[in-house]
Amino acid sequence: SHAREILHCLKEKYFGELRDLEVDGQKVEMPQALSWYPEELAWHTNLSRKILRKSPQLERFHQFLVSETECGNISRQEAVSMIPPLLLNVNPHHKILDMCAAPGSKTAQLIEMLHADMNVPFPKGFVIANDVDNKRCYLLVHQAKRLNSPCIMVVNHDASSIPNLQIDVDGRKEVLFYDRILCDVPCSGDGTMRKNIDVWKKWSTQNSLQLHGLQLRIATRGVEQLAEGGRMVYSTCSLNPIENEAVIASLLEKSEGALELADVSSELPGLKRMPGITKWKVMLKDGQWFEEWKDVPSNRQTQIRPTMFPIKDEEKLKAMNLERCLRILPHHQNTGGFFVAVLIKRSPMPWNKRQPKVHQKLPQRTGDTEVTTTNADDGSEDTTEEPTRAENEESKEMQELQNSDTEQSKKGGVCGPPPSKKMKLFGFKEDPFVFLPEDDPLFLPIQKFYALDPSFPKMNLLTRTQEGKKRQLYMVSKELRNVLLNNSEKMKVINTGIKVWSRNSDGEQFGCAFRLAQEGIYTLYPFIHARIINVCIEDVKILLTQENPFLSKFSSETQKKVKDMAMGSIVLKYDPDPEKPDDLQCPIVLCGWQGKTSLRAFVPKNERLHYLRMMGVEVFKAKRKEEGSEGKTETTTTTKEEEVQYGAAQTEERMDVEDKEHDLVTKMEAETGEESSHNPVESSAMEVENKIEDLDQFSKNNNNHVSQESKNTDTSNVKD
């Protein structure tokens, strides 16, 4: 519903301002909806970054883009890179693996699809987003954080050897197979040559020859972990057949019929595409061409591999249907170049077929289980695949080391960093994920204060501290809890869960030491039965434009409701009135604080601006005034907007990790002489990396779960 409101706002307000506009003597082209993207949810503009930044006439539009991007309502992305998630055909119950996910724009699309129905706070499906690069994982966290989902987990592994995970199904361990896998592999990027100048300087045939093996290993690992009947999309932003059709042909050949290319010609109508190719040659750096593997001299056979050549057997080649692959050419619809193949798994991979073993019961650790059976949708029994041989050997060696540790930590609901010495812990050492015990005294006052529904899944609450005071409470879905508890020894988890409560020492005197967090309010709201105040649209405007308004400023209905309520954290709910179509037509849930004589919203700055825009309140002029005070702007507005309440709570809030790091970001921006509200889109990848390096040092000393959220302005939009 929020997306529809933003679209309405874009069309009616911002696009209207661009009509007949001239910048530097050139007429501004109107943004166009991408014809092939469903429901007009993707738009294309020819405005260059420079024009967007520098033109006073476009300042409002530019600010809209920056602000909405920061709070996750829009994403800026290369048009063709939006295609793979659309072709995955995701449903809210699907278990999804994104193998090479950073920087995260495709992952954001997947999360969006899981939450297609906003009335379901916990979809049954989830996304596990992986990247091999530890630093890029934090970009990924930042992108995913904007969408506030309890169903996303970011992990840090080499995609070509990502471990087999296990889940608990009715008291027994089973290997986790994914319904959907996105395999957007590292590539030479020659399809990006229109926008990426480096490609022209650095391109060589060698790039593809070096990447082919890795791409094939990643794709192979992907299909091994795919459930039968599941879909895997393989994609690259390259047009070189060695990175594309050669990988797919090799995969199909060794699958011996277990995989097939899906015919997606009827999907995404309006997208201009070319069929996959079946004939190509292989060239060395020095210009030598080879048509067949047998022509390659022995001293070159380490550089060129047999899997790089097209299949010679015509019958085999025809059965593969390579023409079902999609090639998107840059000049067809003003995009980058792209390759996509959609694979469907019909049966287990031939090297994984083993006789099913009897299920082992939970108390016995089944790290070396080779095969399990699962019931397919049609009720038949299917053989599922074993972990690779190397993994089995490793798990046998690791088992003795881990058994005592793991059982101990699982009892306490602790999913910490792996106890095994073998696992390379590169990057930061993450804090453990500690699930709240069933009888934790911390939870009772929260349950009572907010009158939580008996169905509230308190088992899914976690913290990131084993000892000392718990400062933040996070929430994951039941399915992700299952994954976390059963795989802590083999998985390096960077981040998961959304913040639902924050400790606020002043709250204790009102009966609850934890205040609600805006980040998780849409997930939490369906379970809260107390401390809810329904407000009208005029009240919402007051809450979002004034820092600490007195109760007398609100409507009489709101004043009456507040009168009988104790001080402390509250929920402010706006429900649209269908009889007033000109008013905002999507529901809004805000966290607030009720004081003795005042009522305030506790909402981050960009989210405030978003809601005000949707209600037609002009926020631009106020912004310009703020910018007059240059360096102070972000800091003053943020601290004002982000306090929990007036008085003593401010002191505690300043100690919050997010605030500390936010100040660091602001300070860095001031040093680089940029406006603190600068466009996330503008930062080059280089700037982002430098700033992340500065933040990394800081993150080591802080709880990374929280600290990544506030790298916002800098990391927001480094796209594919």
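Me: In which loop does Asp158 lie?
Reply: This is a predicted model, where local features need pLDDT of at least 70, side-chain atom pairs count only at pLDDT 80 or more, and totals for chains, interfaces and linings use all residues. Residues are numbered from 1 along each chain as its sequence is written, and side-chain values use heavy atoms, leaving out hydrogens and water. Strands (E, at least two residues) and helices (H or I, at least four) are DSSP runs numbered from the N terminus. Asp158 sits in the loop between β7 (152–155) and β8 (166–169).

Me: Is Asp158 buried, partly exposed or exposed?
Reply: Buried means under 20% relative accessible area, exposed means over 50%, and partly exposed is in between, with a 1.4 Å probe and protein chains only. Asp158 has a relative accessible area of 35%, so Asp158 is partly exposed.

Me: Which feature does UniProt place at Asp158 and Gly104?
Reply: UniProt positions follow the numbering used here, feature names are shortened, and annotations may be inferred rather than shown by experiment. The entry is unreviewed, and its list includes Cys100, Lys106 and Asp184. At Asp158 and Gly104, UniProt gives the feature "binding site".

Me: Which residues does Gly104 touch, not counting residues up to four places away in sequence?
Reply: Gly104 is in the loop between β5 (95–98) and α5 (105–114). Its relative accessible area is 2%, so Gly104 is buried. Contact means heavy atoms within 4.5 Å. Leaving out residues up to four places away in sequence, Gly104 touches Leu140 and Gln143.

Me: How many residues of helix α9 are buried?
Reply: Helix α9 covers residues 245–255 and is mostly covered. Among its buried residues are Glu245, Val247, Leu251 and Ser255. The buried residues pack against several elements, including α8 (205–224), β11 (226–236) and β17 (338–345). Of the 11 residues in α9, the number buried is 9.

Me: How far apart in space are Arg194 and Gly336, C-alpha to C-alpha?
Reply: Arg194 is in the loop between β10 (178–184) and α7 (197–202). Arg194 and Gly336 are 142 residues apart in sequence. From C-alpha to C-alpha, the two are apart in space by 7.0 Å.

Me: Which backbone oxygen lies 3.0 Å from a polar atom of the side chain of Arg194?
Reply: A polar contact is a pair of N or O atoms within 3.5 Å; within protein, one must be able to donate a hydrogen and the other to accept it, and residues adjacent in sequence count only if both atoms are side-chain atoms. The side chain of Arg194 reaches the backbone oxygen of Pro330 at 3.4 Å. At 3.0 Å, the backbone oxygen is that of Thr335.

Me: Is Lys573 buried or exposed?
Reply: Lys573 is in strand β28 (residues 568–574). Among the residues Lys573 touches are Tyr525, Ile533, Pro587 and Val589. Its relative accessibility is 10%, so Lys573 counts as buried.

Me: At what angle do helix α16 and helix α18 pack?
Reply: Axes are lines fitted to C-alpha atoms, for helices over the stretch in contact, and angles run from 0 to 180 degrees between N-to-C directions. Lys541, Leu543, Leu544 and Thr545 in α16 meet Arg608, Tyr611 and Leu612 in α18. The axes are 10 Å apart. The angle of α16 (residues 537–545) to α18 (residues 605–614) is about 145°.
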